[in-house]
Amino acid sequence: MQCGLSPIVGFRFSLHPMTNDFISVIKGALRETDTSNVWMHTDDVSTVIRGKQVHVFNVAKSITLHAAKTGVHIALSGTFSAGCPGDTAGDVYLDKGDEVANKDTTKQYVSSQFALYPMNNPNYMDVIYREVERAKERGVFNESMHYASGIHGDIHDVFAFYEETFTHARSEEYKHLVMTVSMSINSPSHGGILNA
């Protein structure tokens with residue numbers, strides 16, 4: 001098997017609502033999200049969604065937003081991946097059109113951090129620096145830090161940046177890309193910024 005041959009994008013994540021009623025928050029977010037355009041599996045540790053990039057990011061944002069709309073402090077940690085040799089190019093979900101299923105426009109402030117790992121790309125630092133500059137241009141850059149970069153703003157702007165960065169960080173020659181994302185939503189330290 002070779003890296004980069006499959007067009008499938010995947011996102012494995014864990015959602016952590018800071019409440020004793022965490023099960024209903026997680027199940028509610030999954031139930032409220034239309035996942036018909038992706039392959040999804042949840043186990044006792046995490047959930048994975050796979051399919052076309054546009055639908056993976058759309059479902060990831062929707063699940064996160066529906067969990068956040070409960071008002072509970074939410075933490076999310078996950079990994080986006082593309083070009084993994086373990087994925088199968090013939091996946092039926094690649095036949096889906098590009099029209100997204102989830103269109104909730106509710107505003108929601110998100111504080112997050114991300115790290116890019118362009119696999120086997122000797123110019124990986126150039127890729128990372130370029131995408132940090134893109135974050136600054138998009139107005140979602142928060143701060144530099146060890147082992148990650150801070151990204152914040154409205155959830156729609158943050159996810160749009162992440163999807164755009166994921167697209168541009170892959171090249172024709174180096175298609176295997178991993179991107180880790182951590183998010184904090186409805187934290188008491190945010191003070192209700194941007195929520196509507």
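## Basis of the description

Two strands are said to pair if DSSP finds at least two bridges between them. Helices (H or I, at least four residues) and strands (E, at least two) are DSSP runs, numbered from the N terminus. The model is predicted, so local features need pLDDT of at least 70 and side-chain atom pairs count only at pLDDT 80 or more, whereas totals for chains, interfaces and linings use all residues. Residues are numbered from 1 along each chain as its sequence is written, and side-chain values use heavy atoms, with hydrogens and water left out.

Eight strands form an open sheet in the order 2-3-1-4-8-5-7-6, with antiparallel pairing. Strand 2 and strand 6 (141-145) are the edge strands, each pairing on one side only. From one strand to the next the twist averages 20°; angles run from 0 to 180 degrees between N-to-C directions, and axes are lines fitted to C-alpha atoms, for helices over the stretch in contact.

Strand 2 (residues 39-42) pairs with strand 3 in the antiparallel sense over four bridges, and a hairpin of four residues joins the two. Within this pair, T42 stands opposite T47 of strand 3, and W39 has R50 as its bridge partner. R50 is also the bridge partner of G10. Strand 1 (residues 9-17) pairs with strand 3 in the antiparallel sense over five bridges.

Five of the five residues of strand 3 (residues 47-51) are buried, where buried means under 20% relative accessible area, exposed over 50%, and partly exposed in between (1.4 Å probe, protein chains only). In a regular strand the side chains alternate between the two faces of the sheet. In strand 3, T47, I49 and G51 point one way, while V48 and R50 point the other way.

## Strand 4 and its neighbours

Strand 4 (residues 74-82) is mostly covered, with seven of its nine residues buried. Strand 1 pairs with strand 4 in the antiparallel sense over nine bridges, and H16 stands opposite A75. Nine bridges also join strand 4 to strand 8 (residues 177-185), again antiparallel; here I74 stands opposite I185.

## Helices 1 and 2

Helix 1 (residues 22-32) packs against helix 2 (residues 53-68) at an angle of about 130°, with their axes 8 Å apart. The two helices are therefore oblique to each other; angles under 35 degrees count as roughly parallel, over 145 as roughly antiparallel, 65 to 115 as roughly perpendicular and the rest as oblique. The contact (heavy atoms within 4.5 Å) is made by V25, A29, L30 and E32 of helix 1 and by I63, H66 and A67 of helix 2.

Helix 2 is largely enclosed by the rest of the structure, because 15 of its 16 residues are buried. From its first C-alpha to its last, helix 2 reaches 22 Å, close to the 22 Å expected at 1.5 Å a residue; the expected span is 1.5 Å times one less than the number of residues. Helix 1 also lies across strand 1, strand 2 and strand 4, running at about 145° to strand 1.

Helix 4 (residues 155-169) has 15 residues and reaches 21 Å, close to the 21 Å expected. Its buried residues include I155, V158, F159, Y162 and F166.

N120 is found in the loop between strand 5 (109-118) and helix 3 (124-138). N120 is exposed, with a relative accessible area of 71%. N120 and Y174 are 54 residues apart in sequence and 6.8 Å apart in space, C-alpha to C-alpha.
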